[in-house]
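Open the model in your viewer and keep the selection tool at hand.

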Amino acid sequence: MFFVDTIEVAGLGNRGYLAGGGRTAVAVDPPRDVDRVLAAAARRGVRISHVVETHIHNDYVTGGLELARLTGAAYLVPAGATVSFARIPVHDGDRTVIDAGLALHALATPGHTPHHTAYALQEHGRVVAVFTGGSLLIGTVGRPDLVEPRLTESLARAQHASAHRLAAELPDAAVVLPTHGFGSFCSAGRAEGDESTIGKEKASNEALTQDVDTFIARLLAALDDIPAYYAHMGPVNAAGPAPVDLTAPAPADAGEIAARLAAGEWVVDVRNRIAFADGHVAGTYNFEANGQLATYLAWLIPWGKPVTLLAESTEQLADVQRELVRVGIDRPAAAATGGPRTWTTEGTALAAFARATFADLAERHPARDLVVLDVRRASERAAGFIDGSVHVPLHTLHRRLDEVPPGEVWVHCAGGMRAAIAASLLDAAGRAVTAVDDSFTAAGTAGLALRTA
């Protein structure tokens, strides 16, 4: 009897897998913090004999090389991927025995990357599941524009063909197990649901229900912004990531925090947005631990810039460190736990800003000195925006603060998390700001005039 355990990486919208039988198992697309995979294997009482990658990832740092080193497992990487470390190159059609009666069958599925490979899991020769990586996702496919702009259209065409190959060669009952698509920016569209089969995808997946030209046109038109840190993930993974160090960072007292702020370094407060708005160290930024912290911090911070973390507890700090190593922010420069009063010198005033709802905004807007700032992505704004609002997407705001008109700024996004980040950036720049902590669906019912592009 076989098993498949999911290694959820919710903050990045990804999944890794551990699959095996009674004695040995394979890890598929493992996250950087491999202790989670080792713990899953220990719970199952199995040895990890193989580690496989579906592709060289562009959205996170893989734990594959380190996991293979720690376990002595064979490390399987698609043959077409150019890497700087020893691995077993996987070709289309290769078959790898994992446990008694359990094997992986490699299927070349280019599109998300030129070398992408899916792996069909066979039990006694019968396909029971397929690890689709970034090829066939739930209801959509992996985006084809992360490798090289000039290859995007040809990769989109290959992605369509790869989806059809999987649908044609695999049984309808085979469970689809993608790596991306649960909120990941590697997904070309909105993935629906948490589980699927080849049969379900035949009926609903856009790559399998549209002809190739319609599919390509719609896919390319819907491609969203690419997080800036993606440019660094592929090279790191191709070179071979360094082992993870999750030991506690050097402690920072109030004086050091002030010195790092004065030096222009990023000091990031990971408490929830309500607590941050109520009081924080002036000049700090708020990326709350319970949101998509790794994605947005890695997207905004200049690559390689030192970051100091401020957290409520050692547990919260440890969780944030774990999130950040997954996107290549390996070691915080320093860290402190506790609260704002312990992070400032005696007599130093704390900064704060207001929070509001769209109903509150409707009572004030329009007003001469009121700036409504929309920090959603362009694709979100196209579906509807507040009349008279200024648009600066969050991931560009830190470079475009001077483009925000003078006046009191009321900043909003779709749900409140990104508005809180934006408000902290504006507050640190000395702007009077109110964070709209509300769902954008409430904007219209609150009486605000909406327009569409």
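**Stop 1: helix α2.** Select residues 64-71, which form helix α2. Helices here are DSSP runs of H or I with at least four residues, strands are runs of E with at least two, and both are numbered from the N terminus. Colour G64, E66, L67 and A68, which are buried in α2. Buried means under 20% relative accessible area, exposed over 50%, and partly exposed in between, with a 1.4 Å probe and protein chains only.

Now show what these buried residues pack against: β3 (24-28), α1 (35-44), β4 (47-52) and β5 (74-78). Then step to G72, which follows α2 and has a positive phi near 75°.

A word on the source: this is a predicted model, in which local features need pLDDT of at least 70 and side-chain atom pairs count only at pLDDT 80 or more, while totals for chains, interfaces and linings use all residues. Residues are numbered from 1 along each chain as its sequence is written, and side-chain values use heavy atoms, with hydrogens and water left out.

**Stop 2: the whole chain.** Zoom out. The chain holds 16 helices and 23 strands. Its radius of gyration is 23 Å, close to the 22 Å that the globule rule gives for 453 residues, so the chain is as compact as a globular protein of that length. That radius is taken over C-alpha atoms, and the rule is 2.2 Å times the number of residues to the power 0.38. Along the principal axes, the C-alpha trace spans about 70 × 50 × 35 Å.

Of the 453 residues, 56% count as buried. Take contacts (heavy atoms within 4.5 Å) between residues at least 6 apart in sequence: 69% of them join residues at least 24 apart.

Switch to a surface. The chain exposes about 17,900 Å², and carbon and sulfur atoms supply 51% of that. These areas come from the Shrake-Rupley method with a 1.4 Å probe.

**Stop 3: A118.** Select strand β9 (residues 117-123) and find A118 in it. Is A118 buried or exposed? At 0% relative accessibility, A118 is buried. Beyond its neighbours within four places in sequence, A118 contacts H105, A106, L107, T109, V130, F131, T132, S135 and L166. Draw a distance to H105: 13 residues separate the pair along the chain, and their C-alpha atoms are 8.3 Å apart.

**Stop 4: backbone exceptions.** Most residues other than glycine have a negative phi, and most peptide bonds are trans.

- D29 sits in the loop between β3 and α1. Its phi is positive, near 45°. D29 is buried, at 1% relative accessible area.
- H124 lies in the loop between β9 and β10 (126-133). Its phi is positive too, about 50°. H124 counts as exposed, at 68% relative accessibility.
- P366 is in the loop between α12 (358-364) and β18 (370-374). The peptide bond from H365 to P366 is cis, with omega near 0°.

**Stop 5: cysteines.** Select C186 and C413. C186 is buried at 0% relative accessibility, and C413 is buried at 1%. How many disulfides does the count give? A disulfide is a pair of cysteine sulfur atoms within 2.5 Å, and by this rule the count comes to zero.
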